[in-house]
Amino acid sequence: MTLDTYGGYWSPIVWIIAFVVAFLIVYILRGFGERKYKGGEQTKPFISGTEEPSKGEVHVRGGNVYWGFTEALKGYYNLMKKMHTGIINDYVLWFIGIAAILFVVIILPEVIK
Amino acid sequence: MNEIITHAPILIIAIPLFAAFLTPLIDRVSKKGRDAVVFISVVLTLILVFILANDVFETGLRIYNMGGDYVNFALPSGYHVPIRIILEVDGMSVFMGIISILISLVGLIYSFSHIKGDGAGKYYTLFLLMLVGMLGMEMTGDLFNLFVFLEILSISSAALIAFYARKGKPLEASIKYIVISSLAALFVLFAIGLLYGEYNLLNMGAIANEIRGDAGALPFVTMVAFVLFLASFALKAGAAPMHMWLPDAYGEAPGAISMVLVAATQASLYALLRVCFTIYSATLDTAVIGGILIILGLASIFIGVTMALIQIDMKRLIGYAAVAEIGYILLAVGVGFFELAKGEISEYSMKALQGGIFHIFNDVLDIGLLFLVAGAVIYVTKESNLNKLGGLAHSMKYSTIFFIIGLFAVSGLPPLNGFASKILIYESVYKVSPLISIIAILASILMLAIFVKIFHSVFMGPKLPEYADCKEAPKLMLCSMAILAAIMIFFGLFPDFVITNIVDPAVNALVKNLSYIDAIIRGGV
């Protein structure tokens, strides 16, 4: 079950044993916590005094996830969106362009030789 | 048994082809009969692929001369070059064959759950033709034959992408796919024409032998043909920046077809590897070609993951992740090819190739499973927009578990299969440049972030009122997901078994290409 990699080895069994040991440690530590359930006001989310919205509205939708990351890379994403036009003519142009670059990179040095 | 093994290369193509033509006829009589014929033909093909694979892994490559008096002889008496279509099956061919047939069987089981009714006969005919295209590309030793199977694969795939639609995005995606595929096929045909004009040959082994003889003074047209092959197959494999068609096609196809399309893309990648390693490796500057593959791989990884991050359509997002996964394969193969220039391949190049070839299988499994779960979600909710989905873990418990397995695997988290191939790639690529290795690892972390986004958007959160009545996906869908998940877990826990028994023969077939050429030139196996 041990896979030899270039720099060492990978053994899933060792990993699983390590995972189980870590899980047991966490589980034991958890046992030291408060066992008594605290109901009432303490379990409600605190949104600066605002009433809790309905369950459906609480869910953070996919479009909002990683907003900060994409906002920080706005310049890059604007460029990428311009590149991905969705127009088939542009797809073909990219192909022709890459083929032309490959011609220059692969064939030109051989011709010059 | 010997007879079966002897004729297995052609039967692997002939059985699904025959069933494809039989399906519409039986469809008119009995729907259950149609399903039975399709299923039995795929299972029979699967058995034959495994029998052939076992033989090839044990005894070496096998050829099949179509129409010849003796199918194992490449050259008729008195001839110096092969004149007939010859199927040539080595470790790499059967490795790809196993992927194609396995994924097709899983896709078929998945399709049975919801592809029913009058139009289903056409669906299964096209499905079988797609399988024929993939297996044909992987088994043939003839370049023109490769082009024919590439066309069969492209046409059937294009029809299946828009199978459910009469208008709108699926049709647009299908048109884009067929335009891109036709363009690539035209360039491939042009390249084949150039080689035929130069050498009067179509057999890959025979052409490779001629090209070896040209070492040091490769004719101009032979180099032009190589560039055309490289560009076309890279386009069909979805390498960035020629990847734009891929999320369109994957995103709009039915769930099972998206998964089989991943295997179809890998068939084009196989053709690229065959051209690079078998036909041209002896004469080209492999350091330059390896460098090009590494650059294409890095671009695919980076553009794939970053573009996936901003998608709000679930299947398009997975499509972009598939581009990144192709990048990992190209990166590893590029590192392997890079070293061929030195004549003797080093240990880290072999490890890179092992990782790359292993990742071909893992990519199909991981991305395939995610597409199946996405298909199930769309089937149940009729929605693929991440901004509208949520809370499905309440009603789709098994699908959620399968998605988590796919998420872990595709992100390269231990102990699943994705990690096993990626660690081979990271460590061997590090030897070429630590920076490339770091980019690859960071991209994997981003990949995890991307799929956590889907997981959170689709499955987590409270049960939404609009999906209150949603139920778990049909059992056959879950069954096909379970098959993939089981294979992934097995590959993750026993990576050495997979590498030794399946991957190494494929890698050796690529690196030690002389046996592929000799089998033709010496007249047979």
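**Entry 1: B:Leu46**

I looked up the contacts of B:Leu46, setting aside neighbours within four places in sequence, and found B:Ile101 and B:Leu105. B:Leu46 sits in helix H2 of chain B. I noted that this is a predicted model.

Is B:Leu46 buried or exposed, or in between? I counted 18 other C-beta atoms within 10 Å of B:Leu46, so the residue is partly exposed. Buried would need 20 or more.

I also checked a distance to B:Ile12, which is 34 residues away along the chain from B:Leu46. Their C-alpha atoms are separated by 8.2 Å.

**Entry 2: two helices of chain B**

I tested the length of H2(B), which covers residues 31–59. With 29 residues at 1.5 Å a residue, H2(B) should span 42 Å, and because its end C-alpha atoms are 42 Å apart, the two figures agree. Just after H2(B), I found B:Gly60 with a positive phi of about 100°.

I repeated the test on H11(B), which has 24 residues. How many residues of H11(B) are buried? I get 19 of 24, so I wrote down "mostly covered" for this helix, where buried means 20 or more other C-beta atoms within 10 Å.

**Entry 3: a strand pair**

I turned to strands S1 (residues 62–65) and S2 of chain B, which pair in the antiparallel sense over 4 bridges. Opposite B:Glu88 in S2(B) I found B:Ile63.

Which residues of S2(B) point which way? B:Ile86 and B:Glu88 point one way, while B:Leu87 and B:Val89 point the other. In a regular strand, side chains alternate between the two faces of the sheet. I noted that these four residues of S2(B) are all buried.

**Entry 4: where the chains touch**

I looked at the contacts between the chains: 51 residues of chain B meet 36 residues of chain A. Among the elements giving two or more residues to the chain B side are H6 (169–199), H11 (286–309) and H13 (347–381). By class, that side of chain B has 35 nonpolar, 9 polar and 7 charged residues.

**Entry 5: chain A and confidence**

I found chain A divided into domain 1 (1–32) and domain 2 (85–113). The C-alpha centres of these domains of chain A lie 48 Å apart.

Last, I looked up the scores. Chain B averages a pLDDT of 92, and 98% of its residues score at least 70. For the complex, the predictor gives an ipTM of 0.92 and a pTM of 0.94.

Terms used
Residues are numbered from 1 along each chain as its sequence is written. Chains are lettered from A and ligands numbered from 1 in the order in which they are written. This is a predicted model: local features need pLDDT of at least 70, side-chain atom pairs count only at pLDDT 80 or more; totals for chains, interfaces and linings use all residues. pLDDT is the predictor's confidence in each residue, from 0 to 100. Domain bounds come from an automatic or database domain assignment. Two residues are in contact if their C-beta atoms, placed from the backbone, lie within 7 Å. Ala, Val, Leu, Ile, Met, Phe, Trp, Tyr, Cys and Pro count as nonpolar, Asp, Glu, Lys and Arg as charged, and the others, Gly among them, as polar. A residue is buried if 20 or more other C-beta atoms lie within 10 Å of its own, exposed if 12 or fewer, and partly exposed in between; C-beta atoms are placed from the backbone. Two strands pair if DSSP finds at least two bridges between them. The expected span of a helix is 1.5 Å times one less than its number of residues.
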